[in-house]
Amino acid sequence: MAFSQSPSFSIHGTVTDAKTGEPLIGVSVYIKANEISTITNAYGFYSLKLKAGNYTIAFHHVSHIPIEKSIHGDTFNRLDIAMNPDTGTLQEVIIKNTPKKNNVTSTQMSSVELNIEKVKKIPSLFGEPDLLKAIQLLPGVNTANEGSTNLNVRGGSYDQNLILLDEATVYNPSHALGFFSTFNPDALRSVTFYKGAFPAQYGGRLSSVVDVYMKEGNNQERSVEGGIGLIASRLTYQQPIKKGKSSILLSGRYSYAGTVVNALGTFGQSVLNLSGLNNFVARNNIHFYDLNIKANFKLSAKDKIYVSGYSGHDKFYSYQIDESNSLDWGNTTANVRWNHLFSNNLFANTSLVLSNYNYSFFSQVDVKSFTWKSKIKSIGLKSDYDWFINGNHKVKAGVSFFRINYEPGQIEQKDTISVIRSFSLDKKSSAEMAAYVSDEITISNKISVQAGIRATIFLNLGPGTVYSYNDDYSVILDSTVYGKKSTINNYKTFEPRISLRYLLSENQSIKISFAKTQQFQHLISNSSVGLPTDVWIPADSYLRPQRANQFAIGYFRNNDHKNLELSVEAYYKTLKDIIDYKDNANLFLNPKLETQVLHGEGESYGLELFISKKIGHLTGWISYTWSNTSLKIEGINNNEKFPARYDIRNNLVLTGVYSVNPRWSFAGTFKFTSGGHVTVPEGDFSYGGASYNYYSSRNGYTLPAYHRLDLSATHNSPKNKNRKIKRQWVYSIFNVYNRKNIYALFIKPDPLRIDMAKAFNFYLYGIVPSVTLNFSFK
């Protein structure tokens, strides 16, 4: 007996911004009659498979006005949509007729999509908007040091975050010794932050993914925007090459922070109360720049080419009477991408990706004159495929190959009288091959599952020498030399990822996830701040890959009447083969780092609350995290557990933006965290006529609590069709009530009693007012 099937058809297309032509990520595309839905991918593409018939298809994006279209299976196959940005409160009315939001319905959990325009309105240091510091305001994210852009996510160290810019890894995402991030907000299109249950296409880090995409360039009309602030200025230019078909973007930012603070001098310290920051910079000078470029070309309805690049560089000088030092560091990334549509429901993206990070340190002190250089460079090819089987079933798969070269350190003697001689550590090389597949399927109206697996082969490549040691690594017993084309060592890993969503009702759901992750690179650093001199090295015969397992469960709820989104997540994470260093370890240009490193494990668990409001005059979020992170390293703290430096028990954030009218808006952020942990002397003793300190257990002292209030006001120029230039003034006050939060704790001899020691607190800044002028014209 034969059974006939109803004829079906596929409808597909891209969703873009009507003003700029930029593709929109994460647009909800759904059929109103039967609950079939999908979301657009990173390039704005969607595909739905439907039975023949008449339908109303709706498109919804949080920052754009929703659109509905009527379609018929016999007349529609491709439907491209251009959505107008929501510039007022119109969306508040329309939102009531939109479907369940992704917060509840999506299978993915432990992730946040950040709105760049909202990030720009968050009050910031010196009025300079900062993406990574905005992420620090989200649940599950801490930082161990005031002012730093480092992210400690769910008990992970700051080197365990995968930072991507147009698919290229950014190895050091900070400027000005960590005070600002490398991301110029005017050049950014979208940001997605994952802190657990990473989709299978991401690998190589344990704790989080920050996936950033640059704007593609306005393909509708020329536009210019920029800003002039106290410490930096920005300018972005966009123009169609061929209207609707191709465009180019150029964006630059230059910071004159050192010049400004030095010029302020005593005034800066007394009026702005910059304290430690002024004392630090007044004897020094620092500058940095960012340059972004991107072009795209639509070759046909099925093919599109993207070319993008980024370069950012810092220069730090330090001058004294008999001493001078300078530090240079910077990132360079490049990407060439080809989008191809094989069929109505099979989309592919193939990328050639380059990442480079290098730094150099010059020092001249008496007869010591040298330059220290180091860098890491990766180049690779990757191909990703989205297969939209139907509205309830989507498969994503891909392969990648990357070659990474490491130059951990090289010293060059700068003159003949220098006592420092030229020296170079062995260069290292590795290859990483990966393949993944992920299947997201809606099993029923209530249950959906996203399951994936990532397989990786990591190779240490020659040339190189591997040493054999005695039990305590104090004596070399033997060595093995490997040639240029040899494989020194290899690791093969499988990383399963699974997420499950169960709908309790139309507006609430429960989600569960598990993810296993591996990291094949270690960051050698003796600082919790993250300095340019930190060295990346590959896992090898002794430094095993870091591993993590994370389980999370969450409750998600929407209140459509009040436009609120609520989530409560609990997580438990275990860490294996993390590294620390022996007491008094020698890390500087040590060719045998394995003799200084200790291996161990960690554990982190916590509870996160997140309430956000994305629509209306008042937007923002409330975030609270309770967490506990402990480490256990053989050879440290008598082999007993101890708190991590970034173990912050309580973390509360309130941030909001209130738009009074199109001309005025006000924003504020309040942050409170428990103190971090440090190791300090508990007392001293005398022996042989000398005084010695004895110390607490590792990280046994808890610092005072941290809290800060920031406020800002934004004033837009009146709307006027005859006005060519739109102006926006941003007035902000950072640290409104002049809280002196501890940046570092020093123990020094008491100048009045040489047999006693005193603790000295070092703080970076007090109250910091600023003003920024933003402008745009076409």
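The model is a predicted one, and its chain of 778 residues is 54% buried residues. Among the contacts with a separation of 6 or more, 65% are between residues 24 or more positions apart.

- Strand β35 covers residues 546–559, and its side chains alternate between two faces.

**The open sheet of β3, β2, β5 and β6**

- An open sheet is formed by four strands in the order β3-β2-β5-β6, with antiparallel pairing. Because β3 (37–39) and β6 (64–72) stand at the edges with a single partner strand each, one side of each is left without a neighbour in the sheet.
- On average, and with direction ignored, neighbouring strands of this sheet are turned by 15 degrees against each other.
- Within the sheet, strand β2 (residues 28–31) and strand β5 (residues 54–61) run antiparallel and are joined by four bridges, and Ser28 stands opposite His60 in β5.

**His522 and its surroundings**

- His522 lies in strand β33, residues 521–524, and has a relative accessible area of 0%, so it is classed as buried.
- Leaving aside residues up to four places away in sequence, His522 touches Val535, Trp536, Ile537, Ala539, Leu543, Arg544, Pro545, Gln546, Asp577 and Ile579.

**Aromatic rings and charges over them**

- The whole structure holds 21 aromatic pairs. In one of them, the ring centres of Tyr473 and Tyr542 are 5.8 Å apart and the planes stand at 75 degrees, which means that the pair is edge-to-face.
- This pair links distant parts of the chain, with Tyr473 in the loop between β29 (464–469) and β30 (476–482) and Tyr542 in the loop between β34 (535–538) and β35, 69 residues apart. Tyr473 is partly exposed, at a relative accessible area of 31%.
- Tyr605 and Trp626 form a tilted pair, with 6.1 Å from centre to centre and 40 degrees between the planes. Tyr605 belongs to strand β37 (residues 597–613) and Trp626 to strand β38 (residues 618–633), 21 residues apart; Tyr605 is partly exposed, at 31% relative accessible area, and Trp626 is likewise partly exposed, at 32%.
- Ring pairs also link Tyr43, Phe45, Tyr213, Tyr306, Phe347 and Phe388 into a cluster, and Arg337 lies over the face of Tyr306, 5.0 Å from the ring centre.
- Elsewhere, the charged end of Arg698 sits over the ring of Phe642, at 5.7 Å from its centre.

- Most residues other than glycine have a negative phi, and most peptide bonds are trans. Against this background, Gly462 and Pro463 are joined by a cis peptide bond with omega about 5 degrees, and Pro463 lies in the loop between β28 (447–461) and β29.
- Asn639 has a positive phi, near 65 degrees; Asn639 is found in the loop between β38 and β39 (642–643) and is partly exposed, at 35% relative accessibility.
- Asn738 also has a positive phi, near 60 degrees; Asn738 lies in the loop between β47 (725–734) and β48 (744–750) and is partly exposed, with a relative accessible area of 26%.

Terms used. Residues are numbered from 1 along each chain as its sequence is written. This is a predicted model: local features need pLDDT of at least 70, side-chain atom pairs count only at pLDDT 80 or more; totals for chains, interfaces and linings use all residues. Side-chain values use heavy atoms; hydrogens and water are left out. Buried means under 20% relative accessible area, exposed over 50%, partly exposed in between (1.4 Å probe, protein chains only). Two strands pair if DSSP finds at least two bridges between them. Axes are lines fitted to C-alpha atoms, for helices over the stretch in contact, and angles run from 0 to 180 degrees between N-to-C directions. Contact means heavy atoms within 4.5 Å. Rings of Phe, Tyr and Trp (its six-membered ring) pair if their centres lie within 6.5 Å; planes under 30 degrees apart count as stacked, over 60 as edge-to-face and the rest as tilted. A charge sits over a ring if NZ of Lys or CZ of Arg is within 6 Å of the ring centre and within 35 degrees of the ring normal.
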